[in-house]
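The sequence and structure come next, followed by the description.

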Amino acid sequence: MPVKVEPTPSLAGLSPVCGKPIIARFDGGQLSSDGGLLALREVERRLGIADRLATCIDDPRAPERVRHGVADILRFRMLMIAAGYEDGNDADSLRHDPVFKLALDHLPDGAALCSQPTISRLENLPGPRALLRMARAMVGLYCASFRQVPRRIILDVDDTFDAVHGGQQLRLFNAYYDEYGFQPIVVFDGEGRPVAAMLRPACRPSGAEARAFLRRLVREIRSHWPRVEILIRADSHYCAPEVLDFCRAQRLDFILAVASTTTLRRHVQALEQSTTARYAAAGNADKQRRYTEFYDGAGSWSRVERIIARVEAGPDGVDTRFVVTNLNGDTARRLYERTYCARGQAENHVKAWKRHLAADRTSCSRSSANQLRLMLHTGAYWLLWSLRSLMPKRSSWRVAQFDTLRLRLVKLAARVVAQKTRVMLHLPSAYPAKAIMRLALERMPRLIC
């Protein structure tokens, strides 16, 4: 009997099972480990993120020589990020992946997708005006994601440190983190939708800078919804006289943290003493928490404001926090616990944006390219957030982290077979989340954009 020569060598080092050897070879054909990416493709088709951003970029290439359109490059990059490939170098191998080709409306045996150099050239293409148009397009995407115009929206404004290790434009040394980096401002609404992301140096934003950012953001939102009520929530970085005056002038509600000062502490000295005595008298009871409110203002403020103080006594002593607000008609406790403390959820949104989608991969030398990267990672956030919004409200899938969604729904083995009249996608029979995948695709028409 003639010896059969296998074109692909088998993997060595696999132990036998029940006395039978295991032979493993990379000869499965058109296989992919990202079969669930087609669900994200449907999300992107309905949201139209890549098309919205592409219309803001002037393409200087000769049309007759273009092989990969701007929208296709942006779409490919966002799908890569959502699937966990945050490094643009991964495009050189993923451009041949059959599922990624299907996600970009290419047949599996068709031409390869764009390469890493093409992506890098696009990242460095937009200038400041194009980036401003893209920022407005992202706000337009946010407004279009609602089924009907909301009566009121909550905007959580925050900044986050992004360490860099090169000579990037706008980088700055931050003594608190003991590193060079950026400190972009990011905005999410109360339900976790991304609204805006702006690259900036790693320093605390000044009042004038925060006011200018909020002015552009509010103007763009009200160009879509002229009568919407807006509540601004933020930490003490944004409690500046310029921001307070701007909110008053634009009829914006606000609830902002205030840094503790000796002037503010004088209002709560008696309450701190009585709360400490109450905790000591209670023995081993839980922490004692009490609230008060008063009107006061810093010397730089144009008027006094309503200030809420939360005093908490425990085994570590007294902890007092202050917030300033122009909201009326509710108690100090409810405003602090139910309105202001809900801002903590924004930290989870920033975590998902940075950790699960690697939005801190701002390694380009030009600041404009890094700003575009923030938008691409925000677009990938939209894909996973929208997919999660299709899940049943009372299920654990509705609150799953993005890395869990990626692991359970996107990282799905698939064999792609291109036939004459159709493309067959063979998925694992033992896939544990087949029911939720089927439900998500059935609910896909519910997405609004």
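The crossing of H7 and H8 is right-handed; a crossing is right-handed if the near helix is turned clockwise from the far one by less than a right angle, and left-handed if anticlockwise. Helices (H or I, at least four residues) and strands (E, at least two) are DSSP runs, numbered from the N terminus. The model is predicted: local features need pLDDT of at least 70 and side-chain atom pairs count only at pLDDT 80 or more, while totals for chains, interfaces and linings use all residues. Residues are numbered from 1 along each chain as its sequence is written, and side-chain values use heavy atoms, with hydrogens and water left out.

H7 (residues 128-144) and H8 (residues 207-224) have axes 10 Å apart and pack at an angle of about 45 degrees. Axes are lines fitted to C-alpha atoms, for helices over the stretch in contact, and angles run from 0 to 180 degrees between N-to-C directions. H7 and H8 are therefore oblique to each other; angles under 35 degrees count as roughly parallel, over 145 as roughly antiparallel, 65 to 115 as roughly perpendicular and the rest as oblique.

Contact means heavy atoms within 4.5 Å. H7 contributes Arg-136, Val-139, Gly-140 and Cys-143 to the contact, and H8 contributes Leu-217, Glu-220, Ile-221 and His-224.

An open sheet of eight strands, with mixed pairing, has the order S7-S6-S2-S8-S9-S12-S11-S10. Two strands pair if DSSP finds at least two bridges between them. S7 (194-198) and S10 (288-296) are the edge strands, each pairing on one side only. Neighbouring strands of the sheet are turned against each other by 20 degrees on average, direction ignored.

S6 (residues 185-189) pairs with S7 in the antiparallel sense over four bridges. Val-187 has Ala-196 in S7 as its bridge partner.

| Helix | Strands | Angle to S7 |
|---|---|---|
| H7 | touches S2 (152-159), S6 and S7 | about 165 degrees |
| H14 (residues 367-389) | lies across S6 and S7 | about 160 degrees |

Phe-246 is in helix H9 (residues 241-249). Its relative accessibility is 7%, so Phe-246 counts as buried (under 20% relative accessible area; exposed is over 50%, partly exposed in between, with a 1.4 Å probe and protein chains only). Neighbours within four places in sequence aside, Phe-246 is in contact with Arg-211, Leu-214, Arg-215, Val-218 and Leu-252. Arg-215 is 31 residues from Phe-246 along the chain, and their C-alpha atoms are separated by 7.9 Å.
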